[in-house]
Amino acid sequence: MRTIATFSVTAAAAVAALLVLAGCSGSSAPTPAPTVACSLTAPGAASAAVTVTGEPDQHPTATFTAPLTTDITERTVLTTGSGAVAGTGMVATVDFTLFNATSGAELFTTLKEGGAPLPITVDESQFLPGLVKAVSCSTVGSRVVAVVPPGDAYGAAGNTDLGVGATDSLVFVVDVKSVAPAPTATPSATLDPNLPTQATGAAQPAPAGFPAVTLAANGTPAISIPAADPPTTLQIADLKKGAGQTVATGDSVTVQYQGVIWRTGAVFDQSWGSKPATFATTQVIPGFSAALVGQAVGSQVIAVIPPDQGYGVAGQTAAGIEGTDTLVFVVDILATTPAQ
């Protein structure tokens, strides 16, 4: 389980990476048959059209004739590693460099000063599908290049912060550094086995200016960030109003949550897709704690958290959170236990 206090999952999900690289010859080493469950993304003409120079684990240069387009994500393996396979649901730690396939411009890299490898969960519900398709079935030690269409990246909205237009495909060069099983939620023996999996309170209208939230059938939220600057103070509102026990300071709470970065709209952490998370209100960032205390079980809360109520000027590099980033959380409060 990932707690809000540590945010071990990264959301440079702001970027969609793939695991393929085409060498100068246009040929690629065969991908070994995976020994774990994973979904293999095939090479194609677009990924074969990208030439990458530079040593693995060093900042690469990608050369291709722009604009480069594709209808589906393609990945080509440049260097095949001999380590573990990145299977479905596992966490692969990667370095990557992102290019705009329309302009050829480099947009982002983890391989320059100040950058750090990022852990990517091989799960399309948590990260950009193109990034997951790139990493899936790759082995530790591999360098891959991938070409990702808008539909597997930022869609019709693009990403103005990164310089990605609505019709731009992306090129990723990815080095797979390690693979590990996904962290598992710690079960709570005191939880009612009939505990709801999502907030059950009455729906409430969101105040003007808040991000829009839509819910999947299982309760998983999708948060849409407004095209505006974020507020500079902590903003909290109810999306569902519960009628259960009130959360007090120091209580242990059980929640489902999703967090996104206002600047990118990227999901950087969530419990959805795993088990609900349980932690004390004193173990999380101030803005998240403030969103819980005083709320009733059964409520769904949205919190817009400025940097001084989040991670401050240090940010959280591993999660893609900069020191100036405002965070948005949607939280379903499922249970609370008084502090001992």
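Mentor: With the elements: helices (H or I, at least four residues) and strands (E, at least two) are DSSP runs, numbered from the N terminus. Here there are three helices and 17 strands. Mind that this is a predicted model, where local features need pLDDT of at least 70, side-chain atom pairs count only at pLDDT 80 or more, and totals for chains, interfaces and linings use all residues. Residues are numbered from 1 along each chain as its sequence is written, and side-chain values use heavy atoms, leaving out hydrogens and water.

Trainee: How many residues are there, and what share is buried?

Mentor: Buried means under 20% relative accessible area, exposed over 50%, partly exposed in between (1.4 Å probe, protein chains only). Of the 340 residues, 50% are buried.

Trainee: Which residues have the most contacts inside the largest nonpolar core?

Mentor: A nonpolar core is a set of buried Ala, Val, Leu, Ile, Met, Phe, Trp, Tyr and Cys residues joined through side-chain atoms within 4.5 Å. The largest one has 27 residues, and V94, V135, Y154, L170, F172, V174 and V179 have the most contacts inside it. Elements giving two or more residues include strand 4 (91-100) and helix 2 (129-135), but strand 8 gives the most, with five. A second, separate core of 24 residues includes F268 and V284.

Trainee: And T139, why does it count as buried?

Mentor: Because its relative accessibility is 5%. T139 lies in the loop between helix 2 and strand 7.

Trainee: What does its side chain reach?

Mentor: The backbone oxygen of G81, at 2.9 Å. T139 and S142 also join side chains in a polar contact of 2.8 Å; that term means a pair of N or O atoms within 3.5 Å, where within protein one must be able to donate a hydrogen and the other to accept it, and residues adjacent in sequence count only if both atoms are side-chain atoms.
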